[in-house]
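Good morning, and thank you for coming.

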Amino acid sequence: MMRARQALLNPLIDENPVTLHILGICSAVAISNSLYSALVMSVALTSVLVFSNVVISMIRRHLPSSVRIIVQMTIIASGVIVVDELLRAFAPEIAQTLSVFVGLIITNCIVLGRAEAFATQHGVALSFLDAIGNGLGFSLILISVAIIRELLGTGSLLDVGIFKPVSEGGWFEPNAFFMLPPSAFFIIGGIIWAVRSWKKEQVESPEFEPISVAELESD
Amino acid sequence: MNNDSPLKAIMVVTVTALVCSVLVTVAAVTLRPIQRAYEDLERIRFIVRVSGLSESVETMSDLEVIGAFQDLEIRLVDLDRGAFDSSNNPDTFDAREAATEPQFRVAIPAELDVASLGTRSSLETVYLLRDGETLQRVILPIHGQGMWSTIYGFLALESDLNTIAALTISEQGETPGIGDVILNPEWQARWQGRRLYDEQRSLRFRISREVVAANTEDASYHVDGLAGATVTLNGVMNLMRYWFGPHGYSRFLQNLSETEGS
Ligand SMILES: Cc1cc2nc3c(=O)[nH]c(=O)nc-3n(C[C@H](O)[C@H](O)[C@H](O)COP(=O)(O)O)c2cc1C
């Protein structure tokens with residue numbers, strides 16, 4: 001029970017794949033300028049993650065170490081193709097907006113990362129919960145970034161006007177910078193800083209000791 | 001069996017590959033009809049856009065677009081004879097697929113293949129807009145090789161079957177920001193009113209970056225090129241040359257203007 005809770009809840013904040021492990025940044029930067037794309041991407045990534053974690057966990061005792069990674073990649077790639085086909089059939093407009101980024105879920109390190117780090121060593125039920133947890137952890141960050149970007153970049157969310165822009169006689173000046181990919185770096189950076197100020201244990205120990213000026217001068 | 005024996009590795013890889021390919025194939029095949037419906041709808045939207053039936057296709061709902069599309073007459077054209085074909089069903093005929101089927105495939109002679117198509121279908125689906133009995137517009141599908149991709153579009157002609165009413169590009173895979181300027185509505189709008197053939201019925205239409213004085217005879221056959229996208233535009237010019245040349249719609253248009261006599 002305890003392990004199940006951990007598998008599900010730890011990836012939300014304490015072991016968030018984006019803010020702690022800095023994984024999956026590529027798609028988080030690329031498609032987080034609209035909340036709708038972010039929601040669809042979150043569902044797509046979580047589905048692939050659940051599929052790959054469950055299948056890989058099922059066959060974990062039969063995975064020869066020599067071909068382990070390629071078998072995992074094949075399973076992940078198949079899951080991504082199925083999700084891509086589903087999106088094109090049932091949400092074609094958003095599939096066009098997300099374009100290559102659905103296909104690029106294959107290279108999203110969170111998916112292969114969870115397969116390697118978790119599914120190959122745990123049972124199906126736990127792997128399922130781990131996938132849901134990590135999917136939600138990724139989604140949490142992606143959706144937060146998208147809300148900030150769409151709101152400050154356009155003044156609306158999901159096409160519902162929140163701040164009335166100056167062009168329509170309101171007070172809000174949309175900031176086009178938030179529609180550009182680099183803004184996501186700043187926002188994700190800000191979120192990481194906020195989380196690490198709150199949860200000090202996430203701060204990594206420095207890789208090397210900075211040398212102080214006093215020390216240099218005493219030599 | 002020992003997990004690290006080569007035999008086990010081969011078995012696991014084979015089974016995984018088989019199961020995954022079945023999964024992917026089933027998904028692709030079963031979802032194809034649904035995806036197809038959406039693509040058809042997209043195509044209809046492009047056709048309605050150049051038909052002149054509506055000012056703002058972008059804001060129309062799917063049902064409104066389908067409603068407008070109903071006003072068009074769909075016909076198949078036998079390009080070699082230059083006449084309508086009545087032995088196939090125009091509602092279900094797919095020229096893009098037909099170009100690969102032995103029954104309809106026509107190899108394009110190398111010296112005529114300016115748009116690098118290789119083969120085309122012997123029949124093409126065209127759309128006619130009539131006001132009562134009189135022909136108003138003809139909408140012709142066109143395609144050809146751009147820099148990286150095959151460019152697909154529709155060209156609408158006025159009732160004189162020589163003046164361009166509208167151009168739209170429905171599919172292309174040129175470089176975003178470079179070759180995809182052919183999607184620019186302002187540039188496409190410049191095609192309106194340009195003419196294809198001169199009095200001797202040779203194709204005089206040109207896309208080029210030469211400066212052509214406005215309101216001259218030359219200007220009525222000329223569309224400005226776009227800086228930086230010369231390769232893509234050469235592709236567009238070549239497909240115009242092919243589709244309005246002897247192997248394309250030229251004969252059909254000539255016959256149609258005789259029978260419709262406008
Ligand atoms: C990566 C890359 C992509 C390009 N994509 C296109 C393209 O899609 N269409 C195009 O016409 N030119 C493209 N070009 C530019 C062509 O190579 C060529 O320079 C250009 O068409 C010349 O146009 P200009 O005569 O107007 O300068 C591309 C160039 C590079 C380096």
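**The ligand and its surroundings**

The ligand is surrounded by 13 residues, and the closest of them are B:Thr175, B:Arg209, B:Gly228, B:Thr230 and B:Thr232. Please bear in mind throughout that this is a predicted model.

Let me begin with the polar atoms. B:Arg209 places a polar side-chain atom 2.5 Å from an oxygen atom of the ligand. At B:Gly228 the backbone is involved: one of its polar atoms is 2.6 Å from a ligand oxygen atom. B:Thr232, in turn, has an N or O atom in its side chain that lies 2.5 Å from a nitrogen atom of the ligand.

What is the make-up of the shell around the ligand, in nonpolar, polar and charged residues? The shell divides into 6 nonpolar, 5 polar and 2 charged residues.

I turn now to the contact between the chains. Chain A contributes 22 residues to this contact, and chain B contributes 16. About 1,600 Å² is buried between chain B and chain A, with carbon and sulfur atoms giving 71% of that area. On the side of chain B that touches chain A, 11 residues are nonpolar, 3 are polar and 2 are charged.

How many salt bridges are counted between chain B and chain A? The count is 0. Polar contact, by comparison, is found for 2 residue pairs across the interface of chain B and chain A, both at pLDDT 80 or more.

That concludes my presentation, and I welcome your questions.

How values were computed
Residues numbered from 1 in each chain as written. Chains lettered and ligands numbered in written order. Predicted model: local features only at pLDDT ≥ 70, side-chain atom pairs only at ≥ 80, totals over all residues. Heavy atoms only, no water. Contact = heavy atoms within 4.5 Å. Buried area = accessible area lost by both parts, 1.4 Å probe. Salt bridge = Lys/Arg side-chain N within 4 Å of Asp/Glu carboxyl O. Polar contact = N/O pair within 3.5 Å; in protein donor to acceptor, adjacent residues only side chain to side chain. Nonpolar A, V, L, I, M, F, W, Y, C, P; charged D, E, K, R; others polar. Near = heavy atom within 4 Å.
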